[in-house]
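Reader: I would like to learn how to read a strand and an interface in a model. Please go through one case with me.

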Amino acid sequence: MKVIVDADTCTGCGTCEDICPEVFEVKDDVAVVKANPVPAQHEQACRDAREACPVDAISIEE
Amino acid sequence: MGITTKRGDGGWTDRLFGGRVRKDDPRIEACGALDELNAFLGLARASARGRTLKRLLLQIQRDLFIVGSEVVVSRRGAAKLEYRVDHERLRRIEEHLSAIESRLRQTECCFIIPGGSPTSALLDVCRCVARRAERRVATMHRRRMLFNPLVLAYLNRLSDLLFLLARSEEKRHMGFVAGP
């Protein structure tokens, strides 16, 4: 699984980092992906983060 | 600073220690339920006659600010919280629970019809709102948005305590009214 954050859309609210800190990190008010491809044990958390993102800035390639 | 900032006009709001989210975000829903609970607790406290009950309700109202901060804070911001929902806070609620439970008969703790007295009825409203807050926080927990699971335990105990406080208040005034 690969995760992409659209930096132009992201508001840096930190929701993804809250849900899956192993994969997402907010730097300079934008979320960045720090583990790509996503380790298997964090895949579901990444889907939850995509679901929770208030601006739909996260996309996933399964 | 004025109350009106107009920053929330677009349906977004700020979380504690930063990060803007939608106003219908699960965390803001939970925070709103806690705010509503605090308001109803204030009404119950204003209606209560006993000094002990008033003091306990005020303590719960103060606790709810701490619960609220746990609910809206980010994972990173949680480290900055001065007060937390911890085992000690949970223990205090459990002590009140045990003390009241020991004074009530089993039949006085079953299904009831609220309304034995104005204060007991308000405490039942508080209990219902507390259960809603608990459900909202459970949603957060399921969606990995809750960093301190003791918050869920606290709200569960608090709902039980509010139920028993209502029964205790009813008993003091006119006796409880059994359900169907």
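Reader: Which residue in β4(A) is the bridge partner of A:Lys2?

Author: This is a predicted model. The bridge partner of A:Lys2 in β4(A) is A:Glu61. Strand β4 covers residues 58-61 of chain A and runs antiparallel to β1(A), with four bridges joining the two.

Reader: How much area do chain B and chain A bury between them?

Author: Interface size is often given as the accessible area lost when the parts come together. Here chain B and chain A bury about 1,200 Å², with 43% of it on carbon and sulfur atoms. On the chain B side, B:Arg75, B:Arg76 and B:Arg144 supply 43% of the area buried against chain A, more than any other three residues. The contact involves 18 residues from chain A and 14 residues from chain B.

Reader: How many salt bridges does the rule find across the interface of chain B and chain A?

Author: The rule finds four salt bridges there. One of the salt bridges in the model joins B:Arg144 to A:Asp48, with the closest N and O atoms 2.6 Å apart. The residues on the side of chain B that touches chain A divide into eight charged, four nonpolar and two polar.

Key: Residues numbered from 1 in each chain as written. Chains lettered and ligands numbered in written order. Predicted model: local features only at pLDDT ≥ 70, side-chain atom pairs only at ≥ 80, totals over all residues. Heavy atoms only, no water. Pairing = 2+ DSSP bridges. Contact = heavy atoms within 4.5 Å. Buried area = accessible area lost by both parts, 1.4 Å probe. Salt bridge = Lys/Arg side-chain N within 4 Å of Asp/Glu carboxyl O. Nonpolar A, V, L, I, M, F, W, Y, C, P; charged D, E, K, R; others polar.
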